[in-house]
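Grab a pencil and get the viewer ready.

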Amino acid sequence: MARAVHAFLLALRDLPNPRVLRVLAQSLALTLLLLAVSGAALFFAARWALAHWQWLGVAERDMAGVLIVLAIVAGSWLLFRAVAIVVVGLFADGIVADVEGRHYPAAAAQAVDVGWRQNIRLALASLVRLIGGNLLALPIYLVLLVTGIGTPIFALIVNALLLGRDLEAMVLARHPDRPRLDRPARWSMGLLSAASFVVPIANLLAPILSAAMAVHMLHLRNGDQKR
């Protein structure tokens, strides 16, 4: 965990860099746009479904509508994370290359170029893992609702595991010859990333911070010379 915290602090220091800020602005604008479109689509789809469920009475439709809106609000964190991961996946190579070029030039010189097709594949793979992993965990989420706090804690654990895998894949795409991180390193990296998605305001920076943290985690593990 100490190495992950150190990598996260290094990622925070990368934020003021103009290139990182430019990628942050572009990815954030696209994320918020897609989030708004996705949320609106879910809302209007729910309204259409309620309007066509003739077997429900007026009062029952109103109650179902309230429950659907609450479900959308409750799932907004997962929806934001899904959209953000896909968007950052599209910009991933630029982020990783920039951080490597400034801090680990020797490693950057040996990196493999990652094209936009591979970036899209990585982003879609992350999305599939996110949806699949949380669907598999859904029964446990529902059971833990009675505890009040069990569901968010278990969701944090599940998504930490998923994010650790996604972030590792994002960086190793440029260094396919390097071994994977060990499980504790992936877990601690994913946990810090998943936690940052929960904190308001910080969650807007979480995708970029997570990508930069993953770069530092890989190269600190391999003992690459930091400039």
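This is a predicted model: local features need pLDDT of at least 70, side-chain atom pairs count only at pLDDT 80 or more; totals for chains, interfaces and linings use all residues.

Residues are numbered from 1 along each chain as its sequence is written, and side-chain values use heavy atoms, with hydrogens and water left out.

**Exercise 1. Find which residues line the largest cavity, and sort them by class.**

Step 1: get the idea. Rolling a probe the size of a water molecule over the atoms shows where empty space is left. Here a cavity is a set of points, on a 1 Å grid over the protein atoms alone, where a 1.4 Å probe fits but cannot get out; lining residues have an atom within 4 Å of a point.

Step 2: look up the volume, meaning the space filled by probe spheres set on the points, with grid points joined across faces, edges and corners. The search turns up three cavities of 30 Å³ or more, and the largest holds about 60 Å³.

Step 3: sort them. Ala, Val, Leu, Ile, Met, Phe, Trp, Tyr, Cys and Pro count as nonpolar, Asp, Glu, Lys and Arg as charged, and the others, Gly among them, as polar. That gives six nonpolar, three polar and one charged.

Step 4: assign helices, which are DSSP runs (H or I, at least four residues) numbered from the N terminus. Helix 4 (76-103), helix 6 (116-144) and helix 7 (150-172) each bring at least two residues, and helix 6 gives the most, with four.

**Exercise 2. Work out which helix gives the most to the lining of the second largest cavity.**

Step 1: this cavity has about 40 Å³ of space.

Step 2: its lining includes Leu 24, Phe 80 and Pro 207. Helix 2 (18-52), helix 4 and helix 9 (202-221) each supply at least two residues.

Step 3: By class, the lining has eight nonpolar, two polar and no charged residues.

**Exercise 3. Is Asp 166 buried or exposed, and what does its side chain meet?**

Step 1: use the cut-offs, with buried meaning under 20% relative accessible area, exposed over 50%, and partly exposed in between (1.4 Å probe, protein chains only). Asp 166 is at 3%, so it's buried.

Step 2: check for a salt bridge (a side-chain nitrogen of Lys or Arg within 4 Å of a carboxyl oxygen of Asp or Glu). Asp 166 pairs with Arg 129, at 2.7 Å from N to O. Because Arg 129 sits in helix 6 and Asp 166 in helix 7, the pair ties together parts 37 residues apart in sequence.

Step 3: look at the partner. Arg 129, at 25%, is partly exposed.

**Exercise 4. Where in the chain do Arg 3 and Asp 182 lie?**

Step 1: the two form a salt bridge, their closest N and O atoms being 3.9 Å apart.

Step 2: Arg 3 is in helix 1, while Asp 182 is in the loop between helix 7 and helix 8 (183-198), so these are distant parts of the chain, 179 residues apart.

Step 3: Arg 3 is partly exposed at 31%, and Asp 182 is partly exposed at 37%.

Terms used. On a 1 Å grid over the protein atoms alone, a cavity is a set of points where a 1.4 Å probe fits but cannot get out, and a pocket is an open set with protein on both sides within 12 Å along at least five of seven lines; lining residues have an atom within 4 Å of a point.
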